[in-house]
Amino acid sequence: IELATVQGADSTAGTWLHLIKVLNCQEKWDDAWLAATYACERFPKDANLAQELHQLSKMIHPESQSRTA
């Protein structure tokens with residue numbers, strides 16, 4: 001979190017990916033999801049961030065995933 005704060009607008013997708021992984025390891029799922037959502041908005045073409053957001057979304061918000069009838 002401090003690194004992203006220090007880097008500010010110059011933070012990279014890698015910084016955010018690392019933060020998301022740390023939050024996951026700390027089992028701070030909601031914080032990780034919020035960080036991933038923000039990071040994907042800043043870096044919409046980053047496949048690694050998209051993957052992290054997808055995995056977190058499936059875990060935290062399964063009701064929002066598409067369902068097959």
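Contact here means heavy atoms within 4.5 Å. Helices are DSSP runs (H or I, at least four residues), numbered from the N terminus. The model is predicted, so local features need pLDDT of at least 70 and side-chain atom pairs count only at pLDDT 80 or more, while totals for chains, interfaces and linings use all residues. Residues are numbered from 1 along each chain as its sequence is written, and side-chain values use heavy atoms, with hydrogens and water left out.

**Stop 1: helix 4**

Select residues 47-60, which form helix 4. Its 14 residues reach 20 Å from the first C-alpha to the last, close to the 20 Å expected at 1.5 Å a residue. The expected span is 1.5 Å times one less than the number of residues. At the start of this helix, look at aspartate 46: one of its side-chain oxygens comes to within 3.0 Å of the backbone nitrogen of asparagine 48.

Next, colour Leu49, Glu52, Leu53, Leu56, Ser57 and Ile60, which are buried. Buried means under 20% relative accessible area, exposed over 50%, and partly exposed in between (1.4 Å probe, protein chains only). Where do these residues lie around helix 4? They are on the same side, because they cover an arc of only 130° around the axis. The arc is taken from the directions from the helix axis to the C-beta atoms. An α-helix has 3.6 residues a turn, so residues three or four places apart point the same way.

Show helix 2 (13-25) and helix 3 (29-42) as well: the buried residues of helix 4 pack against both.

**Stop 2: helix 2**

Stay on helix 2, whose 13 residues should span 18 Å at 1.5 Å a residue; the end C-alpha atoms are 18 Å apart, which agrees. Its buried residues are Ala13, Thr15, Trp16, Leu17, Leu19, Ile20, Leu23 and Asn24. They pack against helix 1 (2-7), helix 3 and helix 4.

**Stop 3: the nonpolar core**

A nonpolar core is a set of buried Ala, Val, Leu, Ile, Met, Phe, Trp, Tyr and Cys residues joined through side-chain atoms within 4.5 Å. The largest one has 17 residues, and Trp16, Ile20, Ala35, Leu49 and Leu56 touch the most other members. Helix 2, helix 3 and helix 4 are the elements that give two or more residues to this core. Its largest share, six residues, comes from helix 2.

Select isoleucine 20 and show its surroundings. Not counting residues up to four places away in sequence, isoleucine 20 touches Ala32, Ala35, Ala36, Ala39, Leu49, Glu52 and Leu56.

**Stop 4: the salt bridge**

Which side chains meet in a salt bridge? Select lysine 21 and glutamate 52, which pair at 3.0 Å, N to O. A salt bridge is a side-chain nitrogen of Lys or Arg within 4 Å of a carboxyl oxygen of Asp or Glu. The structure holds one. Lysine 21 lies in helix 2 and glutamate 52 in helix 4, so the pair ties together parts that are 31 residues apart in sequence.

Lysine 21 is partly exposed, at 39% relative accessibility, and glutamate 52 is buried, at 13%. Leaving aside neighbours within four places in sequence, glutamate 52 is in contact with Leu17, Ile20, Lys21 and Asn24.

**Stop 5: glutamate 27**

Finish in the loop between helix 2 and helix 3, where glutamate 27 is found. Glutamate 27 has a positive phi of about 60° although it is not a glycine. Is glutamate 27 buried or exposed? Glutamate 27 is exposed, with a relative accessible area of 57%.

Definitions and conventions: A polar contact is a pair of N or O atoms within 3.5 Å; within protein, one must be able to donate a hydrogen and the other to accept it, and residues adjacent in sequence count only if both atoms are side-chain atoms.
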